[in-house]
Amino acid sequence: MQYVSIKEDTAILAVSGIFGFNRCKAVNAELGQSFQNGCTKVIVDFVTTKHIDSAAIRMLCDVREQVHPENFSARNANGRVLNVLRSGNLDSWLKA
């Protein structure tokens with residue numbers, strides 16, 4: 001998988017560069033595959049993400065609801081990505 005790696009029961013999502021509408025379909029497909037493989041948690045790692053658009057935010061909101069908020073978190077957001085999360089009051093997703 002290009003965007004999702006699996007560690008035990010957790011799908012770790014990492015999109016390099018721009019995480020936007022054009023990548024949502026592929027990311028969603030990989031997450032679906034990880035859920036079929038038994039993942040019940042999702043961590044979004046923004047370490048190499050330079051920008052995120054509203055389509056990706058919407059997709060992540062849907063994923064968060066699917067796995068339940070307590071099983072969803074994000075990390076390593078900075079720069080533009082952190083600003084987008086803050087502007088949408090989504091910085092509560094971020095865990096240390």
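1. Helix α1 is followed by G38. The phi of G38 is positive, near 105 degrees. This is a predicted model, and the points below should be read that way.

2. α1 itself has 16 residues. From first C-alpha to last, α1 reaches 23 Å. That is close to the 22 Å expected at 1.5 Å a residue.

3. Which residues of α1 are buried? They are C24, V27, E30, L31, S34 and F35. Note that E30 and S34 are on this list.

4. Now the helix pair. α1 spans residues 21-36 and α2 spans residues 54-67. They pack at an angle of about 15 degrees, with axes 9 Å apart. An angle under 35 degrees counts as roughly parallel, and α1 and α2 are therefore roughly parallel to each other. Their crossing is right-handed.

5. The contact between the two helices is made by F21, C24, V27, N28, L31 and F35 on the α1 side. On the α2 side are A55, A56, M59, V63, Q66 and V67. By class, the contact has 10 nonpolar residues, two polar and no charged.

6. Last, S73. This residue lies in strand β6 (residues 72-75). Is S73 buried or exposed? It counts as buried, because its relative accessibility is 15% and the cut-off is under 20%. Leaving aside residues up to four places away in sequence, S73 touches V42, I43, V44, W93 and K95.

How values were computed:
Residues numbered from 1 in each chain as written. Predicted model: local features only at pLDDT ≥ 70, side-chain atom pairs only at ≥ 80, totals over all residues. Heavy atoms only, no water. Axes fitted to C-alpha atoms, helices over the stretch in contact; angles between N-to-C directions. Helix = DSSP H or I, 4+ residues; strand = E, 2+ residues; numbered from the N terminus. Parallel < 35°, antiparallel > 145°, perpendicular 65-115°, else oblique. Left-handed = near helix turned anticlockwise from the far one by under 90°. Contact = heavy atoms within 4.5 Å. Nonpolar A, V, L, I, M, F, W, Y, C, P; charged D, E, K, R; others polar. Expected span 1.5 Å × (residues − 1). Buried < 20%, exposed > 50% of the residue type's maximum accessible area, 1.4 Å probe, protein only.
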